[in-house]
Amino acid sequence: MNIQTHQILDAKGLACPMPIVRTKKALEQMASGQVLEIQATDKGSLADIRSWAKTTGHQYLGFTEEGEVLHHFIRKSDPAEVKEERQFPHTVTNDELEQCLREKPQTSVLDVREPAEYAFGHIPGAVSIPLGELEQRIGELNGEDELYIVCRTGRRSDMAAQLLERQGFKGIRNVIPGMSAWTGPLEKSAGI
């Protein structure tokens, strides 16, 4: 498949949130209607870039896979179509979540990282639903529960929180900065 692109962004070897940060910067330098190809090796970029494009108004055209490299294609929207990027307003710090878990061990935690990230270290009792599967698996969550959402840096969990809010979930909190700075209890999946 030969897709006409106007610029190629090399995000290989970068983890969330860097592919999105660089994508945003590259699109700022492009004209409306032009297509950006993002080359990434982070499997989480599939959900991250698609979700980011959807929330900002840019058109996610699709992706191809070549070995370990994902090739994402985004068409820059007209300025009138671009939505201002917003942050989910209801956040807690890692320390606040850790205190909540000590006081109420039944607290619901949703981990939206990729399965391998979750397997190598997660908050005990956290439910694993990767961001890319969240819309299809939303029925596994109770919209009435207070729900703390965690990822590696707070970026992916922010997108998940916004998605759940649009679906009518009320007691959602995005955990910042997330697992990259988590010092609380940690467990690994069986066999690791």
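Reply: The secondary structure of this chain comes to six helices and nine strands; helices (H or I, at least four residues) and strands (E, at least two) are DSSP runs, numbered from the N terminus. The model is predicted: local features need pLDDT of at least 70, side-chain atom pairs count only at pLDDT 80 or more, and totals for chains, interfaces and linings use all residues. Residues are numbered from 1 along each chain as its sequence is written, and side-chain values use heavy atoms, with hydrogens and water left out.

Me: What order do the strands of the open sheet of five have?

Reply: Two strands pair if DSSP finds at least two bridges between them. Here the order is E5-E9-E8-E6-E7, with parallel pairing. Strands E5 (91–93) and E7 (127–128) form the edges, each pairing on one side only. E7 is joined to strand E6 (residues 108–111) over two bridges in the parallel sense, and valine 127 in E7 is the bridge partner of leucine 110.

Me: Which strands does helix H3 lie across?

Reply: Axes are lines fitted to C-alpha atoms, for helices over the stretch in contact (heavy atoms within 4.5 Å). Angles run from 0 to 180 degrees between N-to-C directions. Helix H3 (residues 94–103) lies across E5, E6, strand E8 (147–150) and strand E9 (172–176), and runs at about 85° to E5.

Me: Which residues touch the most other members of the largest nonpolar core?

Reply: In soluble globular proteins, nonpolar side chains tend to be buried together. A nonpolar core is a set of buried Ala, Val, Leu, Ile, Met, Phe, Trp, Tyr and Cys residues joined through side-chain atoms within 4.5 Å; buried means under 20% relative accessible area, exposed over 50%, partly exposed in between (1.4 Å probe, protein chains only). The largest core has 33 residues, of which Ile74, Leu110, Leu134, Leu141, Ile149 and Leu164 touch the most other members. Its largest share, five residues, comes from H6. Another core, of 13 residues, lies apart from it and includes Leu101, Ile123, Met179 and Trp182.

Me: What does leucine 110 touch?

Reply: Not counting residues up to four places away in sequence, leucine 110 touches Val127, Ile129, Leu134, Leu141, Leu147, Tyr148, Ile149, Val150 and Leu164.

Me: How does the radius of gyration of the chain relate to that of a compact globule?

Reply: The radius is taken over C-alpha atoms, and the globule rule is 2.2 Å times the number of residues to the power 0.38. For 192 residues a compact globule would have a radius near 16 Å, and the chain, with 17 Å, agrees. Of these residues, 47% count as buried.
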